[in-house]
Amino acid sequence: MENTAYATPRTVPCPICQMPVDTQNCQYVAQRDGRPYFFCAEGCRQAFLSQGCCAKRPKGWWGRYLERLGRANQQSFGAAGPKCH
Ligand SMILES: [Zn+2]
């Protein structure tokens, strides 16, 4: 007797490009938060893995502050940035 209620569906959309992925024959799998993610290709898996949780985090005031600081430094010190000594 098979319990299919909680089984992974036979096909799931690729999280990156939404293409249906065959979970039974999928070679491109990644684990995140204790669940598997299935991808249509290695490129999509890499794209998923490179999106850390940090990349998705919205910029707070600190991020905006650092960005403004970076721009100000670029204006006064050039692209190389300030030197410590
Ligand atoms: Zn894909």
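1. Aspartate 33 sits in the loop between S3 and strand S4 (35-39); strands (E, at least two residues) and helices (H or I, at least four) are DSSP runs numbered from the N terminus. This is a predicted model, with local features needing pLDDT of at least 70 and side-chain atom pairs counting only at pLDDT 80 or more, while totals for chains, interfaces and linings use all residues. Residue numbers start from 1 along each chain as its sequence is written.

2. How confident is the prediction across the protein chain? The mean pLDDT is 80, and 73% of the residues reach 70 or more; pLDDT is the predictor's confidence in each residue, from 0 to 100. Among the elements, S2 has the highest mean, 96, whereas helix H2 (residues 53-56) has the lowest, 50. Where pLDDT is low, predicted coordinates should not be read in detail.

3. On to the overall layout. The protein chain has three helices and four strands, and the order along the sequence is β-β-β-β-α-α-α. Of the contacts with a separation of 6 or more, 18% join residues 24 or more positions apart; a contact means C-beta atoms, placed from the backbone, within 7 Å. Buried residues come to 8% of the 85 in the protein chain. The burial classes count other C-beta atoms within 10 Å of a residue's own, again placed from the backbone: 20 or more is buried, 12 or fewer exposed, anything in between partly exposed.

4. S3 and S4 pair in the antiparallel sense over five bridges, where pairing needs at least two DSSP bridges between the strands. Tyrosine 28 has phenylalanine 39 of S4 as its bridge partner, and glutamine 31 stands opposite proline 36 in S4.

5. Glutamine 18 belongs to the loop between strand S1 (11-13) and S2. With 10 other C-beta atoms within 10 Å, glutamine 18 is therefore exposed.

6. What makes up the largest nonpolar core? Six residues do: Cys14, Val21, Tyr37, Phe38, Phe39 and Cys44. S4 gives the largest share of this core, three residues. A nonpolar core here is a set of buried Ala, Val, Leu, Ile, Met, Phe, Trp, Tyr and Cys residues joined through C-beta atoms within 7 Å. In soluble globular proteins, nonpolar side chains tend to be buried together. Beyond its neighbours within four places in sequence, cysteine 44 contacts Cys14, Ile16, Cys17, Tyr28 and Phe39.

7. Last, threonine 23, in the loop between strand S2 (20-22) and strand S3 (28-32). Why is threonine 23 classed as partly exposed? Because it has 15 C-beta neighbours inside 10 Å. Setting aside neighbours within four places in sequence, threonine 23 contacts Thr8, Pro9, Arg10, Thr11, Val12 and Phe38. Threonine 23 and tyrosine 37 are 14 residues apart in sequence, with 9.1 Å between their C-alpha atoms.

Note on methods. Contact = placed C-beta atoms within 7 Å.
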